[in-house]
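Please look over the notes below alongside the model.

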Amino acid sequence: MVRRVSCGLWLGAAMMYCVAGAAADKLSEMQARFDHEKNPVRRAKLLEKLGDAQFDEARRAFKANELSTVDTVLEQYRDNVRVALEGLKKKRTDAQKDSNGYRQLEIHVRRGIREADEIILRVPEEYQPPLQIVRRDLDAMDRQLIRMLFHHRDEQAAPKGPEPATSPEHPAGPPEDQ
């Protein structure tokens with residue numbers, strides 16, 4: 001009976017090692033596809049699947065108490081978002097008129113911010129600073145994407161410039177009694 005239990009434990013550990021290895025291989029394959037993609041819209045769309053795989057890897061590493069791996073994976077995600085965003089910006093299209101790629105990236109970055117928030121809340125305090133930097137960078141990129149997607153609304157809502165306080169025709173202040 002003891003042999004069966006110990007064999008079962010070893011077999012379970014070996015299976016987990018194989019699954020983790022297969023997940024790492026899949027992640028590196030997806031990363032290679034992302035790195036070699038030249039079209040910025042397709043790259044932004046690839047980030048959806050790659051980012052989900054990276055979040056899965058970060059969760060797995062957290063459960064295994066490999067907190068430095070969690071940080072590395074989230075930093076790689078942030079760097080991938082930066083590459084995708086820069087590619088879309090170089091494309092020089094109006095994000096509001098042609099939002100393909102921008103929308104997908106913004107939605108996924110928001111998901112990345114939530115994932116980072118969840119991890120930051122659960123890791124020990126000494127591991128939080130690098131994760132907070134990643135979260136702050138993701139938030140800045142998300143804000144940039146939102147401005148790019150909705151910039152015309154911002155321009156209409158913002159005042160065009162300072163209004164003159166007085167004009168020669170209508171002096172400022174209450175009218176004088178005569």
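**Salt bridges in the predicted model**

1. Arg82 is partly exposed, with a relative accessible area of 34%. The model is a predicted one, so treat this value as computed from that prediction.

2. Which residue meets Arg82 in a salt bridge at 3.7 Å, N to O? The partner is Asp137, through its side chain. Asp137 lies in helix α5, residues 128-149. Arg82 lies in helix α3, residues 67-90. The pair therefore ties together parts that are 55 residues apart in sequence. Asp137 is partly exposed too, at a relative accessible area of 21%. That value sits just outside the buried class, because buried means under 20%.

3. Arg82 and Asp137 also belong to a network of salt bridges. Arg78 and Asp79 are linked in that network as well.

4. Arg135 forms a salt bridge with Asp117, with the closest N and O atoms 2.7 Å apart.

5. Asp139 pairs with Arg143, and their closest N and O atoms are 3.0 Å apart. The two are four residues apart in helix α5, which means about one helical turn separates them.

6. How many salt bridges does a search of the whole structure find? The count is 15. Those described above are among them.

Notes. Residues are numbered from 1 along each chain as its sequence is written. This is a predicted model: local features need pLDDT of at least 70, side-chain atom pairs count only at pLDDT 80 or more; totals for chains, interfaces and linings use all residues. Side-chain values use heavy atoms; hydrogens and water are left out. A salt bridge is a side-chain nitrogen of Lys or Arg within 4 Å of a carboxyl oxygen of Asp or Glu. Buried means under 20% relative accessible area, exposed over 50%, partly exposed in between (1.4 Å probe, protein chains only).
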